[in-house]
Amino acid sequence: MIEAKNVSFRIKNEVLLENISLTVKPGEFWAVTGANGAGKSTFIRLLSAEHPLSAGSILFHGRELKTYPLRELAGKRAVLSQQNTITLQFTAREIVLMGRYPFYDTIPARRDLAIVDLCLHKTGIFNLKDRLYPTLSGGEQQRVQLARTLAQIWEVENGLILLDEPTTGMDLLHQHETFRIAREMTDQGFSVIAVVHDLNQALQYAGHVLLLQDGKSFASGTPPAVLTESNIKAAFGLPVRIFHPAHASHAVIVPDVAMATAIPQN
Ligand SMILES: Nc1ncnc2c1ncn2[C@@H]1O[C@H](COP(=O)(O)OP(=O)(O)OP(=O)(O)O)[C@@H](O)[C@H]1O
């Protein structure tokens with residue numbers, strides 16, 4: 001589906017990403033995690049063809065990503081970016097309809113409008129559809145953006161969904177709802193690559209994790225293999241304990257606060 005091979009990215013003399021490789025197959029859910037500034041958003045931007053690579057290559061459906069015209073790319077992958085500052089007076093429904101722009105020329109078809117309503121329902125914001133976007137709360141705006149992303153990819157076979165911190169501003173219920181939807185999409189053959197800060201959510205929902213540190217790949221693989229106490233301490237500088245509660249489907253990562261405060265800061 002998408003394969004990054006030894007990808008590097010520099011701005012002027014600064015290396016933001018170095019030698020990152022990742023192969024994502026249809027139906028896989030990858031969480032990209034790491035400390036602030038590790039390079040997660042930059043990597044998502046490279047995968048979405050927003051920036052040209054400084055070295056390496058990215059193949060998307062077996063073809064160099066950089067050879068795709070923008071419209072063709074928009075018909076195969078959808079991106080939820082970290083910052084979606086929109087001050088124009090669009091309604092929530094109009095924003096979600098933007099996800100259908102790659103599929104019609106001037107007037108949306110009945111099918112486009114049906115998909116928009118479906119995605120508004122799916123993200124639980126149908127009741128907000130006529131509200132002006134700038135008047136929505138941060139979490140509500142983020143759910144509109146998620147609906148727009150879903151609307152864009154809805155009927156694409158083996159589509160790719162790139163989510164940069166998709167749950168920013170969302171309450172706990174909607175954070176889980178977002179990841180549940182993402183998982184549901186992977187069950188239908190979509191691939192999801194999401195920047196995830198909450199390691200417990202990565203453990204719970206992702207099938208694979210890429211852990212970045214200082215622009216390099218620190219570890220990648222299954223969540224239990226990557227999210228170990230020693231890897232987390234090395235990548236985030238935070239000591240944690242990992243518990244395996246009886247009957248729980250996944251482990252729980254808990255910051256070891258007593259140990260953290262004992263560590264001298266430099
Ligand atoms: N245009 C730029 N010019 C110079 N440095 C940049 C530029 N964009 C990003 N950086 C730097 O590259 C590094 C990686 O940034 P990036 O946004 O990818 O990090 P991140 O892992 O997504 O962080 P966060 O968790 O804080 O969102 C950071 O140190 C950032 O300051």
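Let's start with burial: of the 266 residues in this protein, 37% are buried. Buried means 20 or more other C-beta atoms within 10 Å of the residue's own; exposed means 12 or fewer, and partly exposed is in between, with C-beta atoms placed from the backbone.

A word on the source. This is a predicted model: local features need pLDDT of at least 70, side-chain atom pairs count only at pLDDT 80 or more, and totals for chains, interfaces and linings use all residues. Residues are numbered from 1 along each chain as its sequence is written.

Now the overall build. The protein has ten helices and twelve strands. These are DSSP runs numbered from the N terminus: helices are H or I, at least four residues, and strands are E, at least two. Along the principal axes, the C-alpha trace spans about 60 × 40 × 35 Å.

Which residues of α4 are buried? They are Ile115, Val116, Cys119 and Leu120. Seen down the axis of α4, the buried residues fall within an arc of 140°, so they line one face of the helix. The arc is taken over directions from the helix axis to the C-beta atoms. In general, an α-helix has 3.6 residues a turn, so residues three or four places apart point the same way.

The face turned away from the buried side carries exposed Arg110 and Ala114. Just after α4, Gly124 takes a positive phi of about 70°.
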